[in-house]
Amino acid sequence: MSLILTEIKNNVGFITLNSEKTLNSLNLEMIETLTTTMETWKTSKEVACIFIQGAGEKALCAGGDVRSLYDNIIAQRAVDPTQVPQGNFDFFAKEYALNYAIHTYPKPIIVWGHGIVMGGGIGVMVGASHRIVTERSRLAMPEITIGLFPDVGATWFLNKMPSAYGLYLGLTGARLDAADCRFLGLADYYIESTAKEQVIEALLQVTWTSDVHDQLGQILSDIAADYTVGVSQAAEHEAFVKQFEGVQTLTHFRAILADSVKDSWIEAGVQSFEKGSPSSAYIIFKQLRDGKTYSLEEVFQTELNLACQCCIHPDFAEGVRALLVDKDQTPKWQPATLEEVTSDWVNSYFTPLWTRENCVLKNLGKNE
């Protein structure tokens, strides 16, 4: 079974993430196939635009195949625990290169962001030119719960959000629906899932001109005009999130969170933050603060180093073990509490594993 299905109709290149059993989670093979397909279509006269969707009704993409990454880490620890598993390095490097390619693609990309869109799924969606959410869209970056950090360009797009929403979402993994995505700039159109065939039919009927981007915008705006997105819980909590503006330390962030009047939306964030990896909390805080002025290229270069460091440090494998391997939901974080995390420990996650000249992503943006 092919995990990536491709088809060209009426100059529209259709890409389907085809691993319904795993909620279309990305593995290295899928990333490589996506990359090759998009590179081929970039200059093809047969393709005016791209439409990306997930197989089935449950998910566009629930993230990366972290179980395979876990297996690689465990195997590497038996040989040399100080080294990044080659398979994991390849996965992150090629995933981030793909994410960058989507952000900078010369042709319009439509993403049907229906169902679960998490982690690597957001990486596929967020850089596209025409991003659609539906009544069943559920987006999140809950990496703190598995000892990782919001990657796939999150240093970029979380920092582009209004107020302190990026910091709050990065540290709590709060779940977002369609209204939230529209409010926070993660999506461009709200279209109910029953209209998907209408969208595709419109793409198959149009006569493309040189203004493909504008044509797509008009088509999708016309269809979206029939639907009204609901109230955004994120927007409703704007006064709460504003409290985190200008927060200078993770301790201050935690104190505000602890002192807040809790409703179900806030409580979910509190629970995720408190149960998550203490090390992740600190590295996410530093990642987002340090990355405020990074270029898109620098974002992916620094995230690659941080992801590889997470493969050497203990919490990423432990988080995946607790969630997906033993499924006991009781990760044993090292260090176990926020109070035990030292600045040296945090900085060790950001220690360069290679020189800038030797970074595999050093040429991002230079060949365009």
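Which hand does the crossing of H8 and H9 have, left or right? In this predicted model, the crossing of the two helices is right-handed. Helix H8 spans residues 196-205 and helix H9 spans residues 212-224; their axes come within 11 Å and cross at roughly 150°. H8 and H9 are therefore roughly antiparallel to each other, since angles over 145 degrees are classed that way. On the H8 side, the contact is made by Gln-198, Val-199, Ala-202 and Leu-203, and these meet Leu-216, Ile-219, Leu-220 and Ile-223 of H9. Sorted by class, the contact of H8 with H9 comprises seven nonpolar residues, one polar residue and no charged ones.

Helix H15 (residues 296-312) packs against H17 at an angle of about 120°, and the axes lie 7 Å apart. That angle makes H15 oblique to H17. Here Asn-305, Leu-306, Gln-309 and Cys-310 are the H15 residues in contact, while H17 contributes Ser-348, Tyr-349 and Phe-350. The contact of H15 with H17 divides into four nonpolar and three polar residues, with no charged residue taking part.

Across the whole structure, a search finds 16 aromatic pairs. One of them joins Phe-89 and Trp-354, whose ring centres are 5.6 Å apart and whose planes stand at 80°, so this pair is edge-to-face. Phe-89 belongs to helix H3 (residues 86-103) and Trp-354 to the segment after helix H17 (343-350), so the pair ties together parts that are 265 residues apart in sequence. With a relative accessibility of 19%, Phe-89 counts as buried, because the cut-off for that class is under 20%.

Aromatic residues also come together in a group. Tyr-168, Phe-240, Phe-244, Phe-253, Trp-265 and Phe-273 form one aromatic cluster.

Key. Residues numbered from 1 in each chain as written. Predicted model: local features only at pLDDT ≥ 70, side-chain atom pairs only at ≥ 80, totals over all residues. Heavy atoms only, no water. Axes fitted to C-alpha atoms, helices over the stretch in contact; angles between N-to-C directions. Helix = DSSP H or I, 4+ residues; strand = E, 2+ residues; numbered from the N terminus. Parallel < 35°, antiparallel > 145°, perpendicular 65-115°, else oblique. Left-handed = near helix turned anticlockwise from the far one by under 90°. Contact = heavy atoms within 4.5 Å. Nonpolar A, V, L, I, M, F, W, Y, C, P; charged D, E, K, R; others polar. Phe/Tyr/Trp six-rings, centres within 6.5 Å; stacked < 30°, edge-to-face > 60°. Buried < 20%, exposed > 50% of the residue type's maximum accessible area, 1.4 Å probe, protein only.
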